[in-house]
Amino acid sequence: MNIVFEVTGGLGKNIIATVMVKLLRQKYPKHHFVIVSSSPEVFHHNPHIDVLLTPDRRGEIYHLINPKTKVFLHEPYYSSNFITKKESIYNTWAKLCGVEYNGEQPEIFITKEEEEKYTKLFDTSKPILVLHPHGGPVIEPTTNPKNYPNNGYNWVRDIPRNVSKEIINYYKNDYNIYQVKHPLQKITLSGVNIADNPIREIMVLLKISSKRILIDSFSQHLAAALNLESTVLWIGTSTKNFGYELHNNIKANPYTQYPHYTTYVGFDLAEPMNYMPYKNTLEIFNIDKILK
């Protein structure tokens, strides 16, 4: 029997999906397992799958479908319990797939050859601190800059510039600091090394790092998959939906002004600065909680 599982969306969602793949494989251990993934690099060397397809090859799944085929093309982000923050994405997705979730963590498989090869790309003369301060929308070269008045800064998830600056100044003498970013993301911090490498190389960077300060983006899911305790900063997204007990989860300070009625609830990748429920970004975090 063929088992077909599809995951669309970003890197973080694909990393989360590795749990569903493992649980489905446990439920159907002897069947032919086909994955369609928008981030196939996440599933490289994964022992639970037989065939890995990219979205441009999605049509091939229809050659596998027969009355005995089981197809899992669910979208957990649109489920009521997830939207209302009653449960984590893992619980929601597991229910949609008809499997039982018992706290399993995501999985990433890095070969010894990859680790040896990619470690050489990074400066290990001092311990490495990985800083992932910005996520969300990527500004394409052809994009109208008027649509991005904050140059890619998203107050809902991103680390404010003043906080990033203090983190860098505090750790710069003892660590080689790497800023993880997409090549097309505009915000580049001063006093750091830029890590806009392919994702398999970023996996190795996290694995060899000594300290990690991250946002609710793919990096915190990747750190969980590698069992690396990290500091994760939270503003508008929910630890109930996406958090891990493994991490040191630091939540933003209470709002200092009444939030706009459309303040972020989980769907948009960016929100206008005038919707921010703080008078300014200096009020969002207590830096001492991050640096302790």
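This is a predicted model: local features need pLDDT of at least 70, side-chain atom pairs count only at pLDDT 80 or more; totals for chains, interfaces and linings use all residues.
Reader: Which element gives the most to the lining of the second largest pocket?

Author: The residues of this lining comprise five nonpolar, seven polar and two charged. With four residues, the element that gives the most to the lining is α8.

Reader: Are the rings of Tyr 77 and Phe 82 stacked or edge-to-face?

Author: The count of aromatic pairs in the model is eleven. In the pair of Tyr 77 and Phe 82, the ring centres are 5.4 Å apart and the planes meet at 15°. Planes under 30 degrees apart count as stacked. The angle of 15° therefore makes the pair of Tyr 77 and Phe 82 stacked.

Reader: How are the rings of Phe 82 and Phe 242 arranged, stacked or edge-to-face?

Author: The centres of the Phe 82 and Phe 242 rings lie 5.4 Å apart, and their planes are at 75°. An angle over 60 degrees counts as edge-to-face. The pair of Phe 82 and Phe 242 is therefore edge-to-face.

Reader: How many residues apart in sequence are the parts that the pair of Phe 82 and Phe 242 ties together?

Author: Phe 82 belongs to helix α2 (residues 80–83), whereas Phe 242 belongs to helix α8 (residues 239–242).

Reader: Which residue has its charged end over the ring of Tyr 77?

Author: Tyr 77 is partly exposed, at 27% relative accessibility. The charged end over its ring is 4.8 Å from the ring centre, and it belongs to Lys 13.

Reader: How many residues apart in sequence are the parts tied together by Glu 75 and Lys 13?

Author: The side chains of Glu 75 and Lys 13 meet in a salt bridge, at 2.5 Å from N to O. Glu 75 is in the loop between β4 and α2, and Lys 13 is in helix α1 (residues 11–27). Glu 75 is partly exposed, with a relative accessible area of 24%, while Lys 13 counts as buried at 6%. Because of where the two residues lie, their pair ties together parts with a sequence separation of 62 residues.

Reader: Which residue forms a salt bridge with Glu 6?

Author: The structure holds eight salt bridges. The partner of Glu 6 has its closest N and O atoms 2.7 Å apart from it, and this partner is Arg 58.

Reader: Where does Arg 58 lie, and how many residues separate it from Glu 6?

Author: Glu 6 is in strand β1 (residues 2–7) and is buried, at 12% relative accessibility. Arg 58 is partly exposed, with a relative accessible area of 25%. Arg 58 lies in the loop between β3 (51–53) and β4 (70–72), and the pair links distant parts of the chain, separated by 52 residues.

Reader: Is Lys 95 buried or exposed?

Author: Lys 95 and Glu 87 meet through their side chains in a salt bridge of 2.8 Å, N to O. Glu 87 is buried, with a relative accessible area of 10%. The cut-off for exposed is over 50%. Lys 95 has 55% relative accessibility and therefore counts as exposed.

Reader: How many residues of helix α7 are buried?

Author: Helix α7 covers residues 218–225 and is mostly covered. Among its buried residues are Phe 218, Gln 220, His 221 and Leu 222. The number of buried residues in α7 is eight of eight.

Reader: What is the phi of Lys 85?

Author: Lys 85 lies in the loop between α2 and α3 (89–97) and is partly exposed, at 33% relative accessibility. Most residues other than glycine have a negative phi. Lys 85 is a residue other than glycine with a positive phi, near 60°.

Reader: Where is the place of His 45?

Author: His 45 is not a glycine, although its phi is positive, about 70°. At 46% relative accessibility, His 45 counts as partly exposed. Its place is in the loop between β2 (32–37) and β3.

Note on methods. Residues are numbered from 1 along each chain as its sequence is written. Side-chain values use heavy atoms; hydrogens and water are left out. Rings of Phe, Tyr and Trp (its six-membered ring) pair if their centres lie within 6.5 Å; planes under 30 degrees apart count as stacked, over 60 as edge-to-face and the rest as tilted. Buried means under 20% relative accessible area, exposed over 50%, partly exposed in between (1.4 Å probe, protein chains only). A charge sits over a ring if NZ of Lys or CZ of Arg is within 6 Å of the ring centre and within 35 degrees of the ring normal. A salt bridge is a side-chain nitrogen of Lys or Arg within 4 Å of a carboxyl oxygen of Asp or Glu. Ala, Val, Leu, Ile, Met, Phe, Trp, Tyr, Cys and Pro count as nonpolar, Asp, Glu, Lys and Arg as charged, and the others, Gly among them, as polar.
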